[in-house]
Amino acid sequence: MALPSRNALEAIAARAGARALQHFRRVAAERKADLTLVTAADREVEAALVAGLGALLPDAGILGEEGAAREGRGPYRVVLDPIDGTAAFVAGLGTWCVCIGIMEGTRPVAGVVHLPCLGETYSAVGGAAWLDGTRLAPLGDVPPAGDRFIVTHAHAHRRHHITYPGKARSLGSTAYHVALVARGAAEGALLGRAHLWDLAGPGAILAAVGGRYEYLGGGVVDLGTLADGRRASDYVLAGTPAALSTLRPLLGAPVSPAT
């Protein structure tokens, strides 16, 4: 079973994004058991993604944030976050995204991060990463423009003693934060204790440009340990190994228990 083309995956993400936009700024939110937000848009978009990707990869397993689950017969598993950044979506902010990941074993091999409001689509298939049809250069090949910055999870100001000398931004979407690192805009990302559906899609994009996930406390993240839907055991960092080695001591150990 071959991987779908980049164009096919981007087209499915674009259709899902258009569906989500029909609800944007006109939908009520609920609280899930873990107290995170969910909307009718999350569920509707996930169902559409399952249908579209299930047709492309009929033998693949499926895992979605909103409950989609299917055992697979082939080498691939589709991992979905229909609206990554639901809190931003509910607040009317445009930094949420549709996130598709395809894993082969424990390794993300394809992914799409599509931001309908910003008109940005990041993708990776076959070891190459793209932004809106332009191939992304390996990290470090192009110096970042403007002020230095990192992206962080929303509670970083309360949970970490950060001494990074540049700016810190929190934009509401784990997947978008990773995409900004892959694009070379952010030096690195300090993520929360993320789930597999937050990390798989953007992880393929990050890996294609020479980046990876590591834990704040040290060690490379094994995404296979998150395959049952559990949270990561520690805060997750995204960047190149060299960048993370420099950033880690500037991000500080957690100063309060993780939730």
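This is a predicted model: local features need pLDDT of at least 70, side-chain atom pairs count only at pLDDT 80 or more; totals for chains, interfaces and linings use all residues.

Colleague: Okay, how many helices and strands does the protein have?
Modeller: There are seven helices, along with 15 strands.

Colleague: And what radius of gyration does the protein have?
Modeller: The value is 17 Å. A compact globule with 259 residues would come out near 18 Å, so the two agree. If you draw a box along the principal axes, the C-alpha atoms fill roughly 45 × 40 × 35 Å.

Colleague: What share of the residues is buried?
Modeller: Of the 259 residues, 50% count as buried. As for contacts with a separation of 6 or more, 61% of them come from residues 24 or more positions apart.

Colleague: Switching topic: at what angle do α1 and α2 pack?
Modeller: Helix α1 covers residues 6-21 and helix α2 covers residues 40-56. They pack at about 160°, and their axes are 9 Å apart.

Colleague: So are they roughly parallel or roughly antiparallel?
Modeller: Roughly antiparallel, because angles over 145 degrees count that way. The crossing of α1 past α2 is right-handed.

Colleague: Which residues in α1 and α2 meet?
Modeller: On the α1 side you have A8, L9, I12, A16, R19 and A20. In α2, they meet E44, V45, A48, L49, G52, L53 and L56.

Colleague: How does that contact split by class?
Modeller: The contact of α1 with α2 has ten nonpolar residues, one polar and two charged.

Definitions and conventions. Residues are numbered from 1 along each chain as its sequence is written. Side-chain values use heavy atoms; hydrogens and water are left out. Axes are lines fitted to C-alpha atoms, for helices over the stretch in contact, and angles run from 0 to 180 degrees between N-to-C directions. Helices (H or I, at least four residues) and strands (E, at least two) are DSSP runs, numbered from the N terminus. Angles under 35 degrees count as roughly parallel, over 145 as roughly antiparallel, 65 to 115 as roughly perpendicular and the rest as oblique. A crossing is left-handed if the near helix is turned anticlockwise from the far one by less than a right angle, and right-handed if clockwise. Contact means heavy atoms within 4.5 Å. Ala, Val, Leu, Ile, Met, Phe, Trp, Tyr, Cys and Pro count as nonpolar, Asp, Glu, Lys and Arg as charged, and the others, Gly among them, as polar. The radius of gyration is taken over C-alpha atoms; the globule rule is 2.2 Å times the number of residues to the power 0.38. Buried means under 20% relative accessible area, exposed over 50%, partly exposed in between (1.4 Å probe, protein chains only).
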